[in-house]
Every structure is written in structure tokens, then in C-alpha cells.
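Student: Could we go through this model together and set each term against its definition?

Tutor: Gladly; here it is.

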Amino acid sequence: MMEDRTDVWTETDSHDFLDLAEVAVPGRTEQIEMLLQLVPAEEREDFQAVELACGEGLLAERLLDRFPRARLTAFDGSDVMLNAASKRLARFRDRVEVRKFELGSQAWLASAEGTLRCALSSLAIHHLTDEEKRSLYTRIAERLEPGGALLVADVVLPDNAFIRRATVEAWHRIARERSQELTGTLDTYRRLAAEGWGPPETDQPEPGEMPARVFDHLTWLKQAGFGIVDCFWMRAGHAIYGGYR
């Protein structure tokens, strides 16, 4: 049985993330653009998509703009995020529905109508156990139409201490540069570093943080029935990976 993850992410975390994400997430704009390029659809196609952990709705907004006939169901577990996403996405009216869900439950899959062309997720799946990740990939594969895709942007686990050190150093360098670029100071970076928003510096992650290696994700996706799997982008402990039916 999957567990509720309400103890992992709090509404205070949601408020903080809204303030800090542009510095905390390496290449955030680049990640969104890569995800959109990977969606298996032509611009004017009519298709159904879901987003798991939509946050404030940035990716959802870009997807609905890029694909003007797409319909999206956007799920999140945070009331703060759902409120922000609902406001951001209101202009799309009946093309989008914003719903609350529990990360550890797959009930949301049953509530998404019909077959899906694409399922997307950002910064959420690392809160699931490995068994839950594998189960989720299998359930999503069953709901995707032929040629459909699961696309995930998330933090991943380095293979060893040497790679972890390089990953941590890269994140600090990128966060310092981004903080300076956006605010003219290093204050946001210093806050991120002090509050532990960067990748872990040891092999003992914080409670509720359960990232896996990219290799393992790709193996599980293959086992779930995805014919094509790959890692499409990686930077400073963050990766975009997924599979196509």
C-alpha cells in the first residue's frame, strides 16, 4: 500500500518554493522547454495530458499555450500550490482542471478520463519509495495511448561519492550565479544553502527524500512496458528522463 506524503512537504515549503525556485532549480526555464519539446504531439493536435505535482502551474501554462487544443488535468497536494495554479491557469477555462491529490496514492489515475497522450511530473517522484516508483510507472504505461509518453523532471541520485561531490559543487556554482543574476546579491543563494535546498552532500538523504539513480529509473520504465526510454537532460543533480509507449 502506498503511503501518504503529507508529512514530507508542508505548506510552508510551498510558500518558500514559490520564492526560491528560480534559484534553487538549475536551468528551470531550460527544463520546461525541454519537457515541452519532448511531448509527443504536433502543435495543433487534440490530446489529453496530466501533470503530477503541478506546483504553481508554470509548466501547465506553457504546455497549454504551446498546444492550443490540448486538455490538461493538473494535480498537486498543496493548497498553496493549487491556489496559485488555479489563478495562473484560469484563462484556459475548460481546457484545464486543477485537482488535489495525495502523492502516495494512484487514485488520481482513475479520475483522469480516457487514454492519455502524455503524463508529466516535476520534483515529486523522488518522494516515493523505489517500489512505489515502479508501480506508478506501470500504472501510467497502462493508461498511455500508443506513442504516448511519461516525462519526468526530478532530482536523481549520484552513483558514488565522487560524482556526488561534483554534483553538489555544480549546484552551488549555478545557484550563486542565478542569485546574483536575479537579485544582484547572494542573499537568496545563502538562504538556500543554509536551509538545505541543495543536493545532499552525504549518502544519507533527509526523511522523505528518496531519489534513485537514472539507470534504475530507465530500467523500471522498460520493465513497466515503455519501448523507448532515455535521459534527455541532466544538470547539477537534476535530470529529465522518461519513456515512450
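Student: What makes residues 130–143 count as helix α6, and what span does it reach?

Tutor: Helices are DSSP runs of H or I with at least four residues, strands are runs of E with at least two, and both are numbered from the N terminus. Helix α6 has 14 residues and reaches 20 Å from its first C-alpha to its last, close to the 20 Å expected at 1.5 Å a residue, the expected span being 1.5 Å times one less than the number of residues. This is a predicted model, in which local features need pLDDT of at least 70, side-chain atom pairs count only at pLDDT 80 or more, and totals for chains, interfaces and linings use all residues. Residues are numbered from 1 along each chain as its sequence is written, and side-chain values use heavy atoms, with hydrogens and water left out.

Student: Which residues of α6 are called buried?

Tutor: Buried means under 20% relative accessible area, exposed over 50%, and partly exposed in between (1.4 Å probe, protein chains only); among those buried in α6 are Leu-136, Tyr-137 and Ile-140. Seen down the axis, the buried residues fall within an arc of 170° (taken from the directions from the helix axis to the C-beta atoms), so they line one face of α6. On the other side, Glu-131 and Glu-142 are exposed.

Student: Why are β3 and β6 said to stand at the edges?

Tutor: Seven strands form an open sheet of mixed pairing in the order β3-β2-β1-β4-β5-β7-β6, where two strands pair if DSSP finds at least two bridges between them. β3 and β6 each have a single partner strand, so one side of each is left without a neighbour in the sheet. Seven bridges join β6 to β7, and these two run antiparallel.
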